[in-house]
Amino acid sequence: MANLSHDLRTPLTILRGHVTRLNKESISLEGQNSLTEINHTITRVGDLMDDLLSYTLLTSGKHPFEPTSTDIGRLVRASVAAWYPAFEEKEIQLDVDLPTEETFYWEADPKWMTRVLDNLFQNILRHAAEGKYANIVVDVEQELIIVADRGPGMDNSPYEHGAGIGLSTLNYMLKKMKLKADFTSNENGTRVAIGRALPKVNPEVNTMITEM
């Protein structure tokens, strides 16, 4: 998969080079719009290849899983700080509620948790930048990480067309860490709440409890 990813990048690079060259030529407005769309598509294909490679390496055990007691408040603050310039470049207003004096801990792999947040923040930049808004919250009382945007929603954006690999990667990592992500999405935006996954209850135990 790594070799395939490398091989596919070569023609994409060549295509982008031709787009850059054509942009310097005298061309109609309709032609310019087509070149812009081609350039966006090249970028999107590259992103999908990255997602596929990441998921393949992850599920084949190539990324070590090392859970430890992790300060979630501190980890989210560090991730937001790292991504702040990217949000600023897209002129996305950041509304954050990240307590500095209170926190909670999850038995999680810090690198995997950072990658989960990277995935969510990247999705905002890719699919919801037009909303110009992102809300990031660490709810200490409920032990939740909440990431929300004002994009077009998952049913009306590329979330639905090709983003499945990235979301599969996110869900795979969370499941390994005994966490889960609840998505709420409509035409006014998308909200993701990450928290502990509730343990599955054995149906026979439920029956015994009901009978008692």
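**Reading helix packing and a sheet**

A: Two packed helices are described by the angle between their axes and the distance between the axes. In this predicted model, helix 4 (residues 110-127) packs with helix 5 (residues 164-176) at an angle of about 150 degrees, and their axes are 10 Å apart. That angle is over 145 degrees, so helix 4 is roughly antiparallel to helix 5. The crossing of helix 4 and helix 5 is left-handed.

Q: Which residues in helix 4 meet which in helix 5?

A: From helix 4, W112, M113, R115, V116, N119, L120 and N123 take part; they meet G166, L167, L170, Y172, M173, L174 and K176 in helix 5. By class, the contact of helix 4 with helix 5 has nine nonpolar, three polar and two charged residues.

Q: In what order do the strands form the open sheet?

A: Strands of a sheet pair through backbone hydrogen bonds, either parallel or antiparallel. Here five strands form an open sheet in the order 2-4-5-7-6, with mixed pairing. Strand 2 (93-97) and strand 6 (179-186) stand at the edges with a single partner strand each, so one side of each has no neighbour in the sheet.

Q: How many bridges join strand 2 and strand 4?

A: Strand 2 pairs with strand 4 (residues 133-139) over five bridges, in the parallel sense. D95 stands opposite N135 in strand 4.

Q: Which strands does helix 3 lie across, and which does helix 4 lie across?

A: Helix 3 (residues 72-89) lies across strand 2, strand 4 and strand 5 (144-149), running at about 170 degrees to strand 4. Helix 4 lies across strand 4, strand 5, strand 6 and strand 7 (189-196), and runs at about 15 degrees to strand 5.

Technical notes
Residues are numbered from 1 along each chain as its sequence is written. This is a predicted model: local features need pLDDT of at least 70, side-chain atom pairs count only at pLDDT 80 or more; totals for chains, interfaces and linings use all residues. Side-chain values use heavy atoms; hydrogens and water are left out. Axes are lines fitted to C-alpha atoms, for helices over the stretch in contact, and angles run from 0 to 180 degrees between N-to-C directions. Helices (H or I, at least four residues) and strands (E, at least two) are DSSP runs, numbered from the N terminus. Angles under 35 degrees count as roughly parallel, over 145 as roughly antiparallel, 65 to 115 as roughly perpendicular and the rest as oblique. A crossing is left-handed if the near helix is turned anticlockwise from the far one by less than a right angle, and right-handed if clockwise. Contact means heavy atoms within 4.5 Å. Ala, Val, Leu, Ile, Met, Phe, Trp, Tyr, Cys and Pro count as nonpolar, Asp, Glu, Lys and Arg as charged, and the others, Gly among them, as polar. Two strands pair if DSSP finds at least two bridges between them.
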